[in-house]
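Please look over the sequence and the structure below before reading on. The paragraphs that follow go through confidence, helices and charged pairs.

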Amino acid sequence: MKKFSRTKLYNELLTNTLKDLSEKYHVNYAKFSAFCHQNNIPIPGSKYRMYLKMNRDVTGLVEPLPTAKNDIIYFETEDDKDTDIASELKDLNDSQKIKQIEQVLANFKYSSKKPLSNKVKNFKKSVKEWEESNPGDIHTYEWYEGYSYEQKPKFMENISSKEMPRLYRILDEIYLVLDQLGEEVKDDFTVIIGGKDEVPFDVLELKDRVKHEITKEEQKDLDEYEIDLKIRPYSAFKPRIRKYDHPYNGKLKIEFKDYPYHAYVKDTNKGQLEDKISEIIINFYKEYISVRNERLEREYEERKRKEEKERKNQKAKHVNDEKTRVKKLVTEAHDYQTAMRIRKYATAISDEKYKEWALQKADWLDPTVDRDDEILKSRDYSKDLKEYLDDLLKIEDEYDW
């Protein structure tokens, strides 16, 4: 969908031909002519053009622009026809973004006469530099002569050199629209939508299937085979010659291949890719929805995995803490019984000094008293008495070297 001002379009027709404007706005010439007539926009005739070129007076050679209820009019391309962007992108779940997409696509105008954007110029430069550093890597339909381990710029693998200028123009359109929409396009034309999701796409050139014409070298091999067949019928080796060639045919195609979303937009008799920017951008966002949903699903599963792991860890910690408390309880009960036995034993001790010492140790052992000892300090009930006393007996040896 392209938006026009009747007044502006009328004034443009006074200085430009309809053909120039159809190329400027990238629309079909015949349909654009019908569009102007349907909206009562006079188109100057050949006499007007001739007089204008000769700098002669053109007064009276063109009709004035008739008044209309609305100055803004919309040109509906074949590919935009019956396209409801809001419906197509309903799963985006972002009404503001959908409205922005509609506005940008309605107002977007592209002229092939304008210089390429710096983004595309830089990409074009990377292609040229790669070609210069890899002169042996040449298209030969099914294979390449030579090979390089250096990373080849995107899209070069499947597009002939003849169609590279078209590729740059198409990429320029895509970049300019996505840039207006606030999306990121990296220097290698990796597209990031929504700030975090890469939307993979490819541009390739279609091929024809034609019968292979035998070359002189292949005919020579066949002749040698016929001779060998007569001389050594059982050991003669027939050369393998393909039946068909697949030369590039100049038709381009954009593929969106992220699973489960598979779609493409290609050159057809109804229009080339340059005329289908709305369809291309809509497909970018449709694939973004697919990529985003996959990411959200992965993040959800990762959160579930982490939450489950945390739940198990918390449960294990709770169990371990309870075991520690039980172990401490058993130790405390054992120490309490030991303290009570020491006190009972102390009643039979005649040595008052030893008796007093024994009762002090009983108070130290008894968890209900929890008395610090002058030498042993506070009793650690996390260890049973035997283990605790064994630890106290360990003395670090120091050596002077």
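A residue is called buried when its relative accessible area is under 20%, exposed when that area is over 50%, and partly exposed in between, using a 1.4 Å probe and protein chains only. This is a predicted model, in which local features need pLDDT of at least 70 and side-chain atom pairs count only at pLDDT 80 or more, while totals for chains, interfaces and linings use all residues. Residues are numbered from 1 along each chain as its sequence is written, and side-chain values use heavy atoms, with hydrogens and water left out.

Confidence comes first. The score pLDDT is the predictor's confidence in each residue, from 0 to 100. Its mean over the chain is 87, and 91% of the residues reach 70 or more. Over residues 140–149 pLDDT stays under 50. For that stretch the model has 24 contacts (heavy atoms within 4.5 Å) beyond four places in sequence. Where pLDDT is low, the predicted coordinates should not be read in detail.

Next come the helices. Helices (H or I, at least four residues) and strands (E, at least two) are DSSP runs, numbered from the N terminus. Helix H6 covers residues 95–107, which is 13 residues. The expected span of a helix is 1.5 Å times one less than its number of residues. For H6 this should give 18 Å, and the end C-alpha atoms are 18 Å apart, so the two agree. Which residues of H6 are buried? They are Lys-97, Ile-98, Ile-101, Val-104, Leu-105 and Ala-106. These buried residues pack against strand S1 (2–5), H5, helix H8 (164–180) and H10.

H8 also meets helix H7 (residues 118–133). Two packed helices are described by the angle between their axes and the distance between the axes. Here axes are lines fitted to C-alpha atoms, for helices over the stretch in contact, and angles run from 0 to 180 degrees between N-to-C directions. The axes of H7 and H8 come within 9 Å and cross at roughly 145 degrees. On the H7 side, Lys-119, Val-120, Phe-123, Lys-124 and Val-127 take part, and they meet Met-164, Tyr-168, Leu-171, Asp-172 and Tyr-175 in H8.

The last topic is charge. Side chains of opposite charge can pair when their charged atoms come close. A salt bridge is a side-chain nitrogen of Lys or Arg within 4 Å of a carboxyl oxygen of Asp or Glu. How many salt bridges does this rule give? The count comes to 24. In one of them, Lys-24 pairs with Glu-12, and the closest N and O atoms are 2.6 Å apart. This pair links distant parts of the chain, with Lys-24 in helix H2 (residues 18–24) and Glu-12 in helix H1 (residues 6–13), twelve residues apart. Lys-24 has 33% relative accessibility and so counts as partly exposed, whereas Glu-12, at 11%, counts as buried.

Another salt bridge joins Glu-88 and Lys-286, at 2.3 Å from N to O. Glu-88 lies in helix H5 (residues 85–88) and Lys-286 in helix H10 (residues 277–346), 198 residues apart. Glu-88 is partly exposed, with a relative accessible area of 32%, and Lys-286 is partly exposed at 25%.

A further salt bridge holds Glu-163 and Arg-166, at 3.7 Å from N to O. Are these two residues buried or exposed? Both Glu-163 and Arg-166 are buried. Salt bridges that share partners join Glu-163, Arg-166, Asp-267 and Glu-274 into one network.
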